[in-house]
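Thank you all for making time this morning.

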Amino acid sequence: MNKDMQVHKRPDYHYCRHMGHYKLYRDNHDGTADKIDQDLNEEVIRKKCYELNGWNYKPKSAKQPWAEKTQYIVELEKGVYLTSGHGDPPRTLLLEHALCFNTSQEANDAILEARKFRPFKNARPIEKCHES
């Protein structure tokens with residue numbers, strides 16, 4: 001079969017962003033898909049998707065020329081930060097485990113999502129410089 005006639009198989013797994021989370025789906029190849037995982041961190045879900053499809057995973061580089069120099073974390077309460085994982089929403093006391101967002105808008109969207117579970121009246125995005 002020549003290159004022009006190759007048929008590309010649809011992947012068995014895919015992910016997409018929905019309501020502030022990244023959701024991983026298994027394609028049933030009949031127009032439906034089953035959700036099998038979700039996370040606030042895109043890279044966690046992207047890595048699982050690549051591994052399940054048998055693809056070579058390479059993390060997105062933070063040193064892309066168009067990337068912002070500042071990232072944001074979400075402080076839900078004094079000394080309590082939003083993280084990835086399970087919870088309502090997942091939280092950590094360790095700043096180094098806080099989930100990073102590329103824009104203040106993404107951080108504010110995460111706050112809105114967290115407020116679906118608890119009020120977090122003093123939640124705020126905090127600027128965090130990229131580590132070189």
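This is a predicted model: local features need pLDDT of at least 70, side-chain atom pairs count only at pLDDT 80 or more; totals for chains, interfaces and linings use all residues.

Let me start with contacts, meaning heavy atoms within 4.5 Å: in this protein, residues 24 or more positions apart account for 43% of the contacts with a separation of 6 or more. Residues are numbered from 1 along each chain as its sequence is written, and side-chain values use heavy atoms, with hydrogens and water left out.

The protein has two helices and seven strands, where helices (H or I, at least four residues) and strands (E, at least two) are DSSP runs numbered from the N terminus. Along the sequence they follow the pattern β-β-β-α-β-β-β-α-β.

Now please find strand 2, residues 21-27, and strand 3, residues 33-39, which pair in the antiparallel sense over six bridges; pairing requires that DSSP finds at least two bridges between the strands. These two strands form a hairpin with five residues between them, and His-29 in the turn has a positive phi of about 60°. Across the pair, Arg-26 stands opposite Asp-34 in strand 3.

Leaving aside residues up to four places away in sequence, Asp-37 touches Tyr-22, Lys-23, Leu-24, Ile-45 and Lys-48.

Let me turn to the aromatic rings. A search of the whole structure finds two aromatic pairs, and rings of Phe, Tyr and Trp (its six-membered ring) pair if their centres lie within 6.5 Å, with planes under 30 degrees apart counted as stacked, over 60 as edge-to-face and the rest as tilted. The rings of Tyr-50 and Trp-55 have centres 5.3 Å apart and planes at 85°, so this pair is edge-to-face. Tyr-50 and Tyr-57 also form an edge-to-face pair, at 6.0 Å centre to centre with 80° between the planes. Tyr-50 is partly exposed at 21% relative accessibility, Trp-55 is partly exposed at 39%, and Tyr-57 is partly exposed at 24%.

Conventions: Buried means under 20% relative accessible area, exposed over 50%, partly exposed in between (1.4 Å probe, protein chains only).
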